[in-house]
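User: I'd like to learn how to read this model feature by feature. Could you start with how strand pairing is defined?

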Amino acid sequence: MKRLKNFLFGLAAMAMAVVALPSCLDSDNDPASADGSYSLDNVWLAIATVVPQGGDVFYLRLDDGTTLWPAATNYPDYRPQADQRAFVSFTILSDSLQGFSHYIKLNGIHDILTKPIAPDLGARNDSIYGTDPVAVGDLWVGDGYLNLYFAVKQGGQQTHFINLIQPDAAGDPYTLEFRHHAMGDPALATGWGRAAFNLSSLPDTGGETVDLRVLVRTFDGNYAYTLKYNTDKTALYATGDGADSGLASNANDFGTSNSFE
């Protein structure tokens, strides 16, 4: 079991090297050249929220509030949905323009499994939501979502069931449980996945930043992760809390398993 953990977290470390840089496009991260122009050779990856504007029109919002307008796209048939997180690849075309932080060329967009917090079913939680283990590569709060990058053991025969539940909404509303149900899929190989959970159903923090505990059953037993959460999403921008997964230049790894719902 320890060998399995080391293997999983070795893969996670390589993946995090791709997506774990600061998410803001500041002077240190900005791919602009010294003369202020942008290179079409610079490709960036980010986790973003899709913001529909009617029809097939949309823009993207990063975890630090940066807004991206797709002025050109390789995905003209993409159908935006509200309350959708996505893994995007893009090239920056301009600085701030018409109210957006950047105009971009959208090179690729893959929807991430995005769900609300699931109902607490009490004694039925284990049978419905499962108790199968995961390895967590990364998790963070960004743009009002709990975001996870995780690995499971799978055989490709069944779609796995992924959820976030709130087992004690009245007494301990900021303690959540990440649940994985393999649905009987044989544990033959490692599969990576991403999920995002909308936290808007949690109690308003009243302007305060609180501890958000996420309980996870890992391959080495139960583990509690503590993150910072504030209903006011902008409250975490200045500190960097909740914006751990952002951009990476010249990255090309879009590959994660689609075997989750």
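Analyst: Two strands pair if DSSP finds at least two bridges between them. Strands themselves are DSSP runs of E, at least two residues long, while helices are runs of H or I with at least four residues, and both are numbered from the N terminus. Here, β8 and β9 pair in the antiparallel sense over 5 bridges. Before we go on: this is a predicted model, so local features need pLDDT of at least 70 and side-chain atom pairs count only at pLDDT 80 or more, while totals for chains, interfaces and linings use all residues. Residues are numbered from 1 along each chain as its sequence is written, and side-chain values use heavy atoms, with hydrogens and water left out.

User: How many helices and strands does the protein chain have?

Analyst: The protein chain has 2 helices and 13 strands.

User: And how should I read the confidence?

Analyst: pLDDT is the predictor's confidence in each residue, from 0 to 100. The protein chain averages 84, and 78% of the residues score at least 70. Where pLDDT is low, the predicted coordinates should not be read in detail. That applies to two stretches: pLDDT stays under 50 over residues 1-28 and again over residues 31-35. Contact means heavy atoms within 4.5 Å; beyond four places in sequence, the model has 54 contacts for residues 1-28 and 7 for residues 31-35.

User: Which strands make up the open sheet, and in what order?

Analyst: Strands of a sheet pair through backbone hydrogen bonds, either parallel or antiparallel. The open sheet has 4 strands in the order β8-β9-β11-β12, with mixed pairing. β8 and β12 are its edge strands, each pairing on one side only. From one strand to the next, the twist averages 20°, with axes being lines fitted to C-alpha atoms and angles running from 0 to 180 degrees between N-to-C directions.

User: How do I spot the hydrophobic interior?

Analyst: In soluble globular proteins, nonpolar side chains tend to be buried together. A nonpolar core is a set of buried Ala, Val, Leu, Ile, Met, Phe, Trp, Tyr and Cys residues joined through side-chain atoms within 4.5 Å. The largest one here has 27 residues, and Phe178 and Leu199 have the most contacts inside it. Among the strands supplying at least two residues each are β6 (135-142), β7 (145-154) and β10 (189-198). Apart from that core lies another of 17 residues, including Ala46, Leu62, Ile92 and Ile109.

User: What does Leu199 touch?

Analyst: Not counting residues up to four places away in sequence, its contacts include Ile117, Val141, Tyr145, Leu164, Leu212 and Tyr229.

User: Where is Phe150, and is this residue buried or exposed?

Analyst: Phe150 sits in strand β7 and is buried, with a relative accessible area of 0%. Leaving aside neighbours within four places in sequence, Phe150 is in contact with Phe178, Trp192 and Phe260, among others. The C-alpha atoms of Phe150 and Asp138, 12 residues apart along the chain, are separated by 7.0 Å.

Methods:
Buried < 20%, exposed > 50% of the residue type's maximum accessible area, 1.4 Å probe, protein only.
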